[in-house]
Amino acid sequence: MPSYGYKISEARLAKGWSQTELAKKIGTTQQQIARYESNENDVKASVLIKLSNALDVTISYLLGLAGTVQTAKDGGSRLMPLFGNISAGTPREALCISDSHHATEESLYRSHPNGFWLTVSGNSMNRLFPDGSLVLIDPDEEVRNGDVAVVFVNGDDATLKRIYHEGDSIRLHPESYDPEYRDRVIDATDPDAPEVRVIGKAVSYTAPEGWRA
């Protein structure tokens, strides 16, 4: 488990906030913040993004990658956080945080300093991203109609899809060579509809080694 609890505490104290104040800003409890800061509880990616936004620090900072220059061995690149798999099929449990990182071009890092990489798992987006690809997600980029983005469905279920806003509905569109994958439309006016939250826009990717279009 990454020991980023000290970084959360450091950023909170720099703001002059109590644990209770920070908890209110991200919609949790003081007790949960205390567990995060003591590394008693792991921090899900969705919470890490909330903390980053509330504390005005980068995700890299919270993961302990900021504050010192960390360059990859190939030179001219930076190490950006690499989270666990993102489903490119049926939504499933969301992003598993690890202490991994991925060497990223300096220009890409500068354009998306809060970005993070995800590993694609599944084939519902294989017209764009084959299984095993790494996709760079920027939580600060505006997600417009037709963009590819990571969305949370039902809390901790996450998926990578092309997003269309259609009135009170959101349509999750797969980009797959496999016809079994179909659009999913979620109507916000339906009281039984799952909660949908857009997390970030896909801005770059790297294909898995050995893959050919």
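Start by selecting Asp131, which lies in the loop between strand S4 (116-121) and strand S5 (134-138). Keep in mind that the model is predicted.

Thr119 and Asp131 are 12 residues apart along the chain, and their C-alpha atoms are separated by 8.2 Å.

Now move to a pair of helices. Select helix H2 (residues 19-26) and helix H4 (residues 45-55). Two packed helices are described by the angle between their axes and the distance between those axes. Here the axes come within 9 Å and cross at roughly 115°. H2 and H4 are therefore roughly perpendicular to each other, and their crossing is right-handed.

Which residues make the contact? Show side chains for Leu22, Lys25 and Ile26 on H2, and for Val47, Lys50, Leu51, Ala54 and Leu55 on H4. Coloured by class, this contact of H2 with H4 shows six nonpolar residues, two charged residues and no polar ones.

Finally, zoom out to the whole chain. Colour by secondary structure to find six helices and 10 strands. Of the 213 residues, 47% count as buried. Contacts can be drawn last. Among those between residues at least 6 apart in sequence, 60% join residues at least 24 apart.

Notes: Residues are numbered from 1 along each chain as its sequence is written. This is a predicted model: local features need pLDDT of at least 70, side-chain atom pairs count only at pLDDT 80 or more; totals for chains, interfaces and linings use all residues. Side-chain values use heavy atoms; hydrogens and water are left out. Axes are lines fitted to C-alpha atoms, for helices over the stretch in contact, and angles run from 0 to 180 degrees between N-to-C directions. Helices (H or I, at least four residues) and strands (E, at least two) are DSSP runs, numbered from the N terminus. Angles under 35 degrees count as roughly parallel, over 145 as roughly antiparallel, 65 to 115 as roughly perpendicular and the rest as oblique. A crossing is left-handed if the near helix is turned anticlockwise from the far one by less than a right angle, and right-handed if clockwise. Contact means heavy atoms within 4.5 Å. Ala, Val, Leu, Ile, Met, Phe, Trp, Tyr, Cys and Pro count as nonpolar, Asp, Glu, Lys and Arg as charged, and the others, Gly among them, as polar. Buried means under 20% relative accessible area, exposed over 50%, partly exposed in between (1.4 Å probe, protein chains only).
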